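Subject: Structure handover

Hello,

Here is the structure I promised to pass on. Please open it first, then read my notes below.

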Amino acid sequence: MSQNNQDKKNSARERLQAQRAKEKQRERRGRQLKVGGAVVAVLAVAGGIAVWAASSGDDSGGSGKVAMPKGAQDSDKPAVPVGKKEAPSTLTVWEDFRCPACAQFEKGFRGAIHELEDAGQLKTDYHLATIIDGSMGGKGSVTAANAALCAQDAGRFREYHDVLYENQPPEQQDRFSDKKYLIQLAGKVNGLVSDTFTQCVEKGTYTDFVYKSNSAFTNTGYRGTPTVLLNGKNLAEDKNLTPDGLKQKVRDAAKDKKAGGGATGDKPSGPKAAGSEQSGGSAGASAGSSAGSSAGNAAGHSAGAGTAAGAGHGAGTGQGAGAGTGHSAGAGAGHSGRDADGSTGGRAPAP
């Protein structure tokens with residue numbers, strides 16, 4: 001074979017390899033955009049719907065001395081910090097362990113968040129809420145949150161936090177209220193199960209801390225869970241956010257801080273800062289039907305469009321197909337309580 005023919009074959013092979021590399025990169029970028037788009041739908045507010053986040057009805061965190069988990073932040077917004085204190089960026093997450101959309105956010109962005117935390121570039125402040133206990137009934141939100149705080153005492157909050165979301169039951173099933181089940185799940189975290197942890201879960205040692213955190217949530221003006229802020233800016237505002245995009249934002253913030261810009265801190269971006277578990281006002285019907293079909297299933301929730309109902313108290317998406325309640329913002333509106341007739345509606349807690 002002549003050298004000229006060999007050179008042509010080598011060149012063709014290189015072009016083919018380059019083309020394949022481009023196709024793989026395009027596929028990877030498409031997957032990231034798909035994940036990012038689904039999670040943005042989870043975070044985005046559906047048309048600025050007015051929302052009341054239902055409390056558990058047993059919120060006793062405002063009275064008496066509240067037991068504090070090790071390393072937790074005790075302020076007007078109780079939180080569990082993960083990552084280095086001196087990290088240049090802070091991610092603020094308001095979440096509910098029973099919230100399907102919170103699990104969707106976790107599955108989409110957990111890897112990026114862990115990577116940034118481990119590199120010392122990001123500190124995450126987790127604020128725990130119990131809105132689904134209030135609107136769906138049960139105790140799973142508060143019981144799971146208490147167990148996570150017991151894991152914080154053992155230095156295993158992040159690991160157990162992830163286990164809870166990986167084993168999240170369907171929203172209508174209150175399995176997280178079963179303390180034996182929560183202890184069983186702790187067995188998936190190396191070194192967590194102990195007599196101290198078990199007693200903490202069984203006694204509900206940090207229940208009042210959870211209720212105090214939920215009270216803080218209802219006072220923020222945020223509309224649902226998850227509400228996620230990076231250096232005070234609501235991530236729902238970025239319509240094309242991907243895990244790589246989040247990492248780039250954190251890198252940019254670090255550069256700005258070195259240049260004297262600094263991080264903005266935990267400042268609300270307005271009373272309509274959004275999460276995905278919401279209950280809507282009169283706008284809930286149209287928002288629910290328009291957004292539900294596009295992102296309902298992606299939000300790890302009941303099927304999208306549903307039927308809008310209960311405009312008096314704001315039904316959001318109303319009856320999601322199959323599940324019977326439409327709760328995620330990915331489904332268009334979100335978390336709602338139940339009216340006396342059994343229909344869903346975002347009823348505010350009684351004053």
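The chain holds ten helices and nine strands. Please keep in mind that this is a predicted model. Of its 351 residues, 50% count as buried.

**The core**

The largest nonpolar core has 61 residues. Phe97, Tyr160, Leu164 and Phe197 have the most contacts inside it. Helix 4, residues 140-153, gives the most to this core, with eight residues. In soluble globular proteins, nonpolar side chains tend to be buried together.

What does Phe197 touch, leaving aside residues up to four places away in sequence? Its partners are Ala147, Cys150, Ala151, Tyr160, Ile183, Ala186 and Leu192.

Helix 5 is mostly covered, with seven of its ten residues buried. Those are Phe157, Tyr160, His161, Asp162, Val163, Leu164 and Tyr165.

Helix 2 (residues 100-118) packs against helix 5 (residues 157-166): their axes come within 10 Å and cross at roughly 155 degrees. An angle over 145 degrees counts as roughly antiparallel, so helix 2 is roughly antiparallel to helix 5. The crossing is left-handed.

Which residues make the contact between helix 2 and helix 5?

- From helix 2: Cys102, Ala103, Glu106, Lys107, Arg110, His114, Glu117 and Asp118.
- From helix 5: Arg158, His161, Asp162, Tyr165 and Glu166.

By class, this contact has three nonpolar, two polar and eight charged residues. On the helix 5 side, His161, Asp162 and Tyr165 take part in the contact, and His161, Asp162 and Tyr165 are also buried.

**Lys249**

Lys249 sits in helix 9, residues 243-258. Is Lys249 buried or partly exposed? Its relative accessibility is 28%, so Lys249 counts as partly exposed; the cut-off for buried is under 20%.

Beyond residues up to four places away in sequence, Lys249 touches Leu230, Leu235, Asp238 and Leu241. Leu230 is 19 residues from Lys249 along the chain, and the C-alpha atoms of Lys249 and Leu230 are separated by 8.6 Å.

Best wishes

Definitions and conventions
Residues numbered from 1 in each chain as written. Predicted model: local features only at pLDDT ≥ 70, side-chain atom pairs only at ≥ 80, totals over all residues. Heavy atoms only, no water. Axes fitted to C-alpha atoms, helices over the stretch in contact; angles between N-to-C directions. Helix = DSSP H or I, 4+ residues; strand = E, 2+ residues; numbered from the N terminus. Parallel < 35°, antiparallel > 145°, perpendicular 65-115°, else oblique. Left-handed = near helix turned anticlockwise from the far one by under 90°. Contact = heavy atoms within 4.5 Å. Nonpolar A, V, L, I, M, F, W, Y, C, P; charged D, E, K, R; others polar. Buried < 20%, exposed > 50% of the residue type's maximum accessible area, 1.4 Å probe, protein only. Core = buried A, V, L, I, M, F, W, Y, C linked by side-chain atoms within 4.5 Å.
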